[in-house]
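Visitor: I'd like to go through this one label by label. Could you show it to me and tell me what stands behind each word?

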Amino acid sequence: MNRVLGDRKAIAILLGPALLVYTAVMLVPIFWSLGYTFFTGNVLEGYRPNGLGNFQHLLEDRDIRSALWFTLKYAVTVTVGQVFFGYLLALVYVFGLRRYSGLVRTLVFFPVVLPTVAVAQLFQKMFEIAPQNGLVNAGLNGLGIESVDWFGSGSTAFWVIIAMDIWRSMGFYAVLLYAGLVDIPDDIVESARLDGAGTGRLVRHIVLPLSLPVLISSIIFSINGTLKVFDSILALTNGGPGSETTPLTIYMFQTAFTYGDYGYGAAIASLLTVMCLIVTLFIFRSSRRDQTEA
């Protein structure tokens, strides 16, 4: 193995194809998209140099502020929900349902493999008000509460989106965090129990610190995914009512492919990329600082 790793030709043969594919699939499109930001137009009309006009438009566009605010609000809320409920489920798997955890993990994970459009249709039927009340409004009527037009305003539609995306993804984070919890040595947990540590103290002082690396990875994975949300919102509300539930990704798609402005769409994509990088670096730095202080 040392002879292979010390041979530059062997390294080039082993890594070359993968690097070539990665460059063609990832790096070239990134720089190609960055080049579009200095132009305006599309394939049919042709491209015209625009300098920094697209970035200036980003600073002046009111719709981008609305989309940015919705994206950040959605990302923070869903990330907290995904990781929190996923971690609770992982704790239940390890400490509460050891015997039946395999069956429960399978049932909770099932929504993850469902098509996004199918899940969106399910939630549309559950929360609909016309032509007949869905399951949620029927339940409210049974309690003497009037039906709510959940998709009639941005505030209520937002919480339907949140509920759907947390429900369909918390099983994935439960399994991911469960993999980190089972790596905690049993002797450490048993020693803490013998010393009189209750469940709360055990989780706070033993389980949580030892599972912090996988927890940080889950947060980074979740925040990057939620910042780039597209399909679930497109299938459920299509950014409506109006543009109240339009994230940056849908606004970018509409700008580039509906209105034919590839340059401004690429500028929005660049903004989203920078956001993901900043958030990831911030979480990494914060976690390393906490571990150093600890």
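Visitor: How many aromatic pairs does a search of the whole structure find?

Guide: The search turns up 18 aromatic pairs, where rings of Phe, Tyr and Trp (its six-membered ring) pair if their centres lie within 6.5 Å. Keep in mind that this is a predicted model: local features need pLDDT of at least 70, side-chain atom pairs count only at pLDDT 80 or more, and totals for chains, interfaces and linings use all residues. Residues are numbered from 1 along each chain as its sequence is written, and side-chain values use heavy atoms, with hydrogens and water left out.

Visitor: Why is the pair of Phe123 and Trp167 called tilted?

Guide: Planes under 30 degrees apart count as stacked, over 60 as edge-to-face and the rest as tilted. The ring centres of Phe123 and Trp167 are 5.8 Å apart and the planes are at 55°, so this pair is tilted. The pair links distant parts of the chain, with Phe123 in helix 6 (residues 116–127) and Trp167 in helix 8, 44 residues apart. Helices here are DSSP runs of H or I with at least four residues, strands are runs of E with at least two, and both are numbered from the N terminus.

Visitor: What makes Phe123 buried or exposed? And Trp167?

Guide: Buried means under 20% relative accessible area, exposed over 50%, and partly exposed in between (1.4 Å probe, protein chains only). Phe123 has 6%, so Phe123 counts as buried. Trp167 has 31%, so Trp167 counts as partly exposed.

Visitor: What about Phe253 and Phe257?

Guide: They form a tilted aromatic pair too, 5.3 Å centre to centre with 45° between the planes. Both lie in helix 13 (residues 248–258), 4 residues apart, about one turn of the helix. Phe253 has 35% relative accessibility and therefore counts as partly exposed, while Phe257 has 57% and is therefore exposed. Phe253 and Phe257 also belong to one aromatic cluster with Tyr36, Tyr47, Phe230 and Tyr262.

Visitor: Why is Arg168 called buried?

Guide: Its relative accessible area is 18%, so Arg168 is buried. Arg168 lies in helix 8 (residues 154–181). Leaving aside neighbours within four places in sequence, Arg168 is in contact (heavy atoms within 4.5 Å) with Pro111, Val112, Thr116, Val119 and Ser232.

Visitor: How do you know that helix 4 and helix 10 are roughly perpendicular?

Guide: Two packed helices are described by the angle between their axes and the distance between the axes. Axes are lines fitted to C-alpha atoms, for helices over the stretch in contact, and angles run from 0 to 180 degrees between N-to-C directions. The axes of helix 4 (residues 62–96) and helix 10 (residues 199–210) come within 13 Å and cross at roughly 100°. Angles under 35 degrees count as roughly parallel, over 145 as roughly antiparallel, 65 to 115 as roughly perpendicular and the rest as oblique. Helix 4 and helix 10 are therefore roughly perpendicular.

Visitor: Which residues meet there?

Guide: Tyr87, Leu91 and Phe95 in helix 4 meet Leu202, Val203, Val207 and Leu208 in helix 10.

Visitor: How do you know that strand 1 and strand 2 pair?

Guide: Two strands pair if DSSP finds at least two bridges between them. Strand 1 (residues 39–42) and strand 2 (residues 46–49) run antiparallel and are joined by 4 bridges, with Gly41 opposite Tyr47 in strand 2. A hairpin connects strand 1 to strand 2 through 3 residues.
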